[in-house]
Amino acid sequence: MKPRITVITIGVDDLEKSLRFYRDGLGLRTEGIIGKEFEYGAVAVFDLQAGLKLALWPRKSISHDSGLPQCSQCSTEFTLGHNVSSKAEVDDVIEQAKNAGAHIVKPAQDTFWGGYAGYFQDPDQHLWEIVWNPGMAVED
């Protein structure tokens with residue numbers, strides 16, 4: 001296996017609601033919901049940085065496709081990290097997420113390791129960390 005990720009798919013309960021959060025609230029680019037003609041095919045795909053996509057797919061569709069039963073959610077299973085170039089940008093993104101309807105789990109603050117970060121949950125309780133790391137340059 002090569003060390004590369006090309007698509008991050010997260011399970012959602014309400015595809016339309018999640019589409020509005022990510023597209024309208026956070027401003028991520030997408031063609032909208034595609035694949036509606038297939039029983040378990042409706043999905044929304046967002047362009048992230050070069051070569052990486054974020055897909056929103058109903059949990060019932062993931063369950064059907066994988067053959068695994070749906071199970072209870074746990075927001076601490078993984079986080080999605082969004083690195084930015086300044087403390088002010090962390091605050092801006094957290095505020096944008098809040099205005100889009102996100103639940104702010106932890107307001108942005110200085111970290112023990114010298115950075116600055118905060119957490120929010122999307123409408124399906126996926127946990128996002130917005131972080132400025134002084135040791136990690138971010139290219140736009």
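**Exercise 1. Is H103 buried, exposed or partly exposed, and at what relative accessibility?**

Solution. The structure is a predicted model, in which local features need pLDDT of at least 70 and side-chain atom pairs count only at pLDDT 80 or more, while totals for chains, interfaces and linings use all residues. Residues are numbered from 1 along each chain as its sequence is written, and side-chain values use heavy atoms, with hydrogens and water left out.

Step 1. Apply the cut-offs: buried means under 20% relative accessible area, exposed over 50%, and partly exposed in between (1.4 Å probe, protein chains only). H103 has 48% relative accessibility and therefore counts as partly exposed.

Step 2. H103 lies in strand 6 (residues 103–110); strands (E, at least two residues) and helices (H or I, at least four) are DSSP runs, numbered from the N terminus.

Step 3. List the contacts, that is, heavy atoms within 4.5 Å. Apart from neighbours within four places in sequence, H103 is in contact with Y119, F120 and Q121.

**Exercise 2. Identify the residues that touch the most other members of the largest nonpolar core, and the elements that contribute to this core.**

Solution. Step 1. A nonpolar core is a set of buried Ala, Val, Leu, Ile, Met, Phe, Trp, Tyr and Cys residues joined through side-chain atoms within 4.5 Å. The largest one holds 25 residues, and Y22, L56 and F120 touch the most other members.

Step 1. Two or more residues come from each of strand 1 (7–12), helix 1 (15–25), strand 3 (43–47), strand 4 (53–58), strand 5 (79–84), helix 3 (87–100), strand 7 (116–121) and strand 8 (127–132).

Step 2. Consider F120 individually. Beyond four places in sequence, F120 touches a set of residues including F21, L26, I94, W128 and I130.

**Exercise 3. Determine how the sheet containing strand 1 and strand 4 is arranged, and where helix 2 lies.**

Solution. Step 1. Two strands pair if DSSP finds at least two bridges between them. Four strands form an open sheet in the order 1-4-3-2, with mixed pairing. Strand 1 and strand 2 (29–34) are the edge strands, each pairing on one side only.

Step 1. Strand 1 and strand 4 run parallel and are joined by six bridges. V7 has K53 of strand 4 as its bridge partner.

Step 2. Helix 2 (residues 59–66) lies across strand 1 and strand 4, at about 90° to strand 4; axes are lines fitted to C-alpha atoms, for helices over the stretch in contact, and angles run from 0 to 180 degrees between N-to-C directions. The buried residues of helix 2 are R59, S61 and S63, and they pack against strand 1 and strand 4. G67, with a positive phi near 85°, follows helix 2.
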